[in-house]
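Work through the exercises below with the sequence and the model open. Each task is followed by a solution in steps.

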Amino acid sequence: MGIQVVKNKAMEIAMKIKKLGQDDPRRIIHSIKVGVALTLVSLFYYWNPLYDGFGASGIWAVMTVVVIFEFTVGATLSKGLNRGLGTLLAGSLGVGVNYLANLSGQKGEPFVLGIFVFLIAASATFSRFFPGIKARYDYGVLIFILTFSLVSISGYRIDEFLTLAHQRLSTILVGGAICIMISILVCPVWAGETLHNSVTSNINKLADYLEGFGGEYFYCCEDGEHGVATEKGKSFVEGYKAVLNSKSMEDSMANFARWEPKHGKFRFRHPWKHYLKIGSLTRQCAYQIEALNRHLCPQIQTQDPSQLRRMIEVPCKTLSSESGKALKALATGMKAMTNPSPSSQVHLNAAKSAMNDLKDTLKLGTAQTTNLLEIIPDATVASILIEIVKSVEDLSEAVVELSLKAHFKSIEATVSPEKPQLLHKGTINPFVEAEDEQPHVVISVRGTEDGDLTEKKGSSGTTSLPT
């Protein structure tokens, strides 16, 4: 019995590991890259020529790899450059402080060191509260405080502390360089690309929900009972929920993307901050959808439809569907890094027209209803849909602004202009005028250019039309 439990537990863990790797194969590649980097820096201990040159300080290279090697290139660059600059500045300052402390004599040296450690550590710690420094340089300031304290304090007891500081700085720089090169050159994972794909994917999730909401809310079985379509409902009802908690990931990816060099279609100074604006508008729309989703409950849907629900069904369906199509067009253009398609504006205008119709219908329906409690759920749904259209419009403007700042490509015409041709629409009806006459054919032709209507008659069922 105990062996079977262990087997089941092992199988469960194995399935979780397999699923984790299948969800994002880049995780497996990243793990291999970290292993390769650690194997390379371990040569500082395994290879005698390197160990003779750096000694026990080689362990700092191993620690550097463990600390700064992150999943994305931007995160690795951020930590690597912060650690390198922080170590370099703190080491230089520590050497200078030790030199000044030596000038004060043997008795005054500890007091001078203590004063400098207090002032610099307190000042550096206070600087971490500035939002700009906190967002981009917090790790560097932390390393600065640590390194300065180690160098300045250890210099009081160690005679060859300059040699020790040089060895530590060299191994840290080597470890950081190995991490950065492997991260960029071997199957790189770009934070900017991850942010771009995440934002477009979130917009698509909202579009899927809005396209399916109208049919779900007004879904009616043949026997007159209302309910949510099981398979179709599950396919989109859960998707938007991932958007609600996307802020922290988008903030970190935008911060790391600023450190990355030019890659793919993304320039060095790509407007990553604007993705945060689009993400914020996307979450605002998702919160409205969250409120809308509460009205898909079976308890509400099993009630008999009110008169107001019948009146608002068409404009609500149109509004929801067109808003979803507008978001889908925006996400498609944004993912391809092209200017928004004209179809997005067409769908948005259709949604705004349906919104106006819905407002008029609401005014008419509420005026005709005596039981206000009966219409509250449907009126709430209509009001939320109206607010969603406004959010979609704001989101559309933000995407257009991003396309201008990021210099997205214009959509090229795929159909070459041709000379206008006369198109004919008509019907052919045979008839017989008399018994002794042969059958004739009458063709009614309408020219689409000038709108004229002509009739041609021919014998033996044939006719010729001038071009």
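Contact means heavy atoms within 4.5 Å. This is a predicted model, in which local features need pLDDT of at least 70 and side-chain atom pairs count only at pLDDT 80 or more, while totals for chains, interfaces and linings use all residues. Residues are numbered from 1 along each chain as its sequence is written, and side-chain values use heavy atoms, with hydrogens and water left out.

**Exercise 1. Find the residues that Leu 327 touches, not counting residues up to four places away in sequence.**

Step 1. Leu 327 is among the residues with the most contacts inside the largest nonpolar core, together with Tyr 275, Ile 278 and Ile 388. A nonpolar core is a set of buried Ala, Val, Leu, Ile, Met, Phe, Trp, Tyr and Cys residues joined through side-chain atoms within 4.5 Å.
Step 2. This core has 60 residues, and its largest share, 14 residues, comes from H19.
Step 3. A second, separate core of 12 residues includes Val 65, Ile 143, Ile 178 and Cys 179.

**Exercise 2. Describe how helix H2 (residues 26–41) and helix H5 (residues 59–68) pack.**

Step 1. Helices (H or I, at least four residues) and strands (E, at least two) are DSSP runs, numbered from the N terminus.
Step 2. The axes of H2 and H5 lie 9 Å apart, at an angle of about 170°. Axes are lines fitted to C-alpha atoms, for helices over the stretch in contact, and angles run from 0 to 180 degrees between N-to-C directions.
Step 3. H2 and H5 are therefore roughly antiparallel (angles under 35 degrees count as roughly parallel, over 145 as roughly antiparallel, 65 to 115 as roughly perpendicular and the rest as oblique).
Step 4. H2 contributes Ala 37, Leu 38 and Val 41 to the contact, and H5 contributes Ala 61, Val 62, Val 65 and Val 66.

**Exercise 3. Is Ser 127 buried or exposed?**

Step 1. Buried means under 20% relative accessible area, exposed over 50%, partly exposed in between (1.4 Å probe, protein chains only).
Step 2. Ser 127 counts as buried because its relative accessibility is 16%.
Step 3. Ser 127 belongs to helix H7 (residues 105–127). Leaving aside neighbours within four places in sequence, Ser 127 is in contact with Ile 133 and Val 141.
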